[in-house]
Amino acid sequence: MKKSVRYILNGLTLPVFVVDPNSKISFMNKAAKSRYKNAKSGQEFSKVITSKKCNKALTDVLNGAANATANVTMQEVVPTSFRVSLSRLDSDSDPLPSCVLSFEDVSHIQEAEQMRHDFVANVSHELRSPLTALTGFVETMQGPAKDDKEAQHRFLGMMANEADRMGRLIGDLLSLSRLQAGERVPPTDSVNLSHLLKNVASSLGGLAERGEITLSLDFADELPFVVGDYDELTQVFQNLVENAIKYSPKKSEVRIFQDLNGSDAANLTIGVQDAGDGIDPTHIPRLTERFYRVDKGRSRAQGGTGLGLAIVKHILIRHRGWLKITSELGKGSVFTVNLPVAKSDG
Ligand SMILES: Nc1ncnc2c1ncn2[C@@H]1O[C@H](COP(=O)(O)OP(=O)(O)O)[C@@H](O)[C@H]1O
Ligand SMILES: [Mg+2]
């Protein structure tokens, strides 16, 4: 093979093999060598890549087919999916053709497709349950409860609840899709976080009161300003404080505090702490996934959509901040938010 061709193939990030008419490897580019460390030139190709589909395609090409492709999954460190493209390589010196094979890792594409598929299935399911309930109420009111004023009144209340649930779900879905679209553009405003946190606390005062929860604010009046979007950060803390209240027992305390360990000149760290049941460590890494809930029934009963923490995560990505969750079963949880401090103009 010409030197220049080798250079070109070595410059590619895709693993490339050239296999001679005897099914032996005659060339591997750099990417192939680094991925398949035990493979050597001269070795039988099927000893390196054992996939039947891939070897069948190779035989086809060596027998004269111009092209072939094979989709194969191979057990590497984790199972990895490749699209293998094979093409015939005729040479002047040899009457029989060789074959060039390139391996394109398509695992991430498949994962994204799977996620999209799961997401659509989840959304449909979440929308269908309130819709089914609504349809049921309508039928009952048209039939058995046609003349029962009192039952109708009760049903209308429940119907309003179901409609609210659908409304919340659609609102959260729209928030999420807007956030994902704008994630690459960071916010530029300076936000007065003490002001924002007090507002969040007072807007959730009613919910706290109903749960007999004491909301305590434990931070300086003059917190440094952070770089952010006021409405989005309100959404972050509203979600976290609302969760803390919802998932806490009566007569307990929810505390919003400045975490002095995490805060420095460039970062402001705020914690939301509850004395609820806590979260088992196996669930913690998944809490920010869309629709992930530890206890579906409980979340639903509280009017949750399962999207709150996913929204929080995306807002914090856009803000170049982060969320940390620590929790101990039986003791409670702390959700910690870190945000970049705004540079003062002075
Ligand atoms: N403070 C908390 N204490 C215990 N569990 C929590 C807390 N915050 C969130 N969770 C768990 O994380 C899940 C996801 O939260 P979230 O995305 O806000 O959805 P939702 O509150 O609508 O169910 C909740 O269903 C709950 O199981
Ligand atoms: Mg929530």
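This is a predicted model: local features need pLDDT of at least 70, side-chain atom pairs count only at pLDDT 80 or more; totals for chains, interfaces and linings use all residues.
View 1. Ligand 1 is surrounded by 20 residues. Closest in are R293, V294, S299, G304 and G308. If you'd rather think in elements, α9 and α11 (308–318) are the ones that give two or more residues to this shell.

**View 2. Helices α7 and α9 cross at roughly 45 degrees.** Here we zoom in on α7 (residues 193–203) and α9 (residues 230–246), whose axes come within 10 Å. The two helices are therefore oblique to each other, and their crossing is right-handed. On the α7 side, the contact is made by L196, L197, N199, V200 and A201. From α9 come Y230, L233, T234, F237, Q238 and V241. Sort the residues of this contact by class and you get eight nonpolar, three polar and no charged ones.

**View 3. Five strands make an open sheet with antiparallel pairing.** Reading across, the order is β2-β1-β5-β4-β3. The edges belong to β2 (25–28) and β3 (67–75); each has a single partner strand, so one side of each is left without a neighbour in the sheet. On average, and ignoring direction, neighbouring strands here are turned by 25 degrees against each other. Helix α4 (residues 52–62) packs on this sheet and touches β1, β3, β4 (79–89) and β5. The direction of α4 makes about 160 degrees with that of β3.

**View 4. A closer look at the pairing of β1 with β5.** Strand β1 covers residues 16–19 and strand β5 covers residues 98–105. They pair in the antiparallel sense, over four bridges. To get your bearings, find V16, which stands opposite S102 in β5. In the sheet order, β5 sits between β1 and β4, while β1 sits between β2 and β5.

**View 5. The hairpin of β11 and β12 has three residues between its strands.** Strand β11 (residues 322–328) and strand β12 (residues 332–340) run antiparallel and are joined by seven bridges. One handy landmark is S327, standing opposite S333 in β12. At the turn itself, have a look at G330: this glycine takes a positive phi near 85 degrees.

Terms used: Residues are numbered from 1 along each chain as its sequence is written. Chains are lettered from A and ligands numbered from 1 in the order in which they are written. Axes are lines fitted to C-alpha atoms, for helices over the stretch in contact, and angles run from 0 to 180 degrees between N-to-C directions. Angles under 35 degrees count as roughly parallel, over 145 as roughly antiparallel, 65 to 115 as roughly perpendicular and the rest as oblique. A crossing is left-handed if the near helix is turned anticlockwise from the far one by less than a right angle, and right-handed if clockwise. Two residues are in contact if their C-beta atoms, placed from the backbone, lie within 7 Å. Ala, Val, Leu, Ile, Met, Phe, Trp, Tyr, Cys and Pro count as nonpolar, Asp, Glu, Lys and Arg as charged, and the others, Gly among them, as polar. A residue is near a molecule or strand if its C-beta atom, placed from the backbone, lies within 6 Å of it. Two strands pair if DSSP finds at least two bridges between them.
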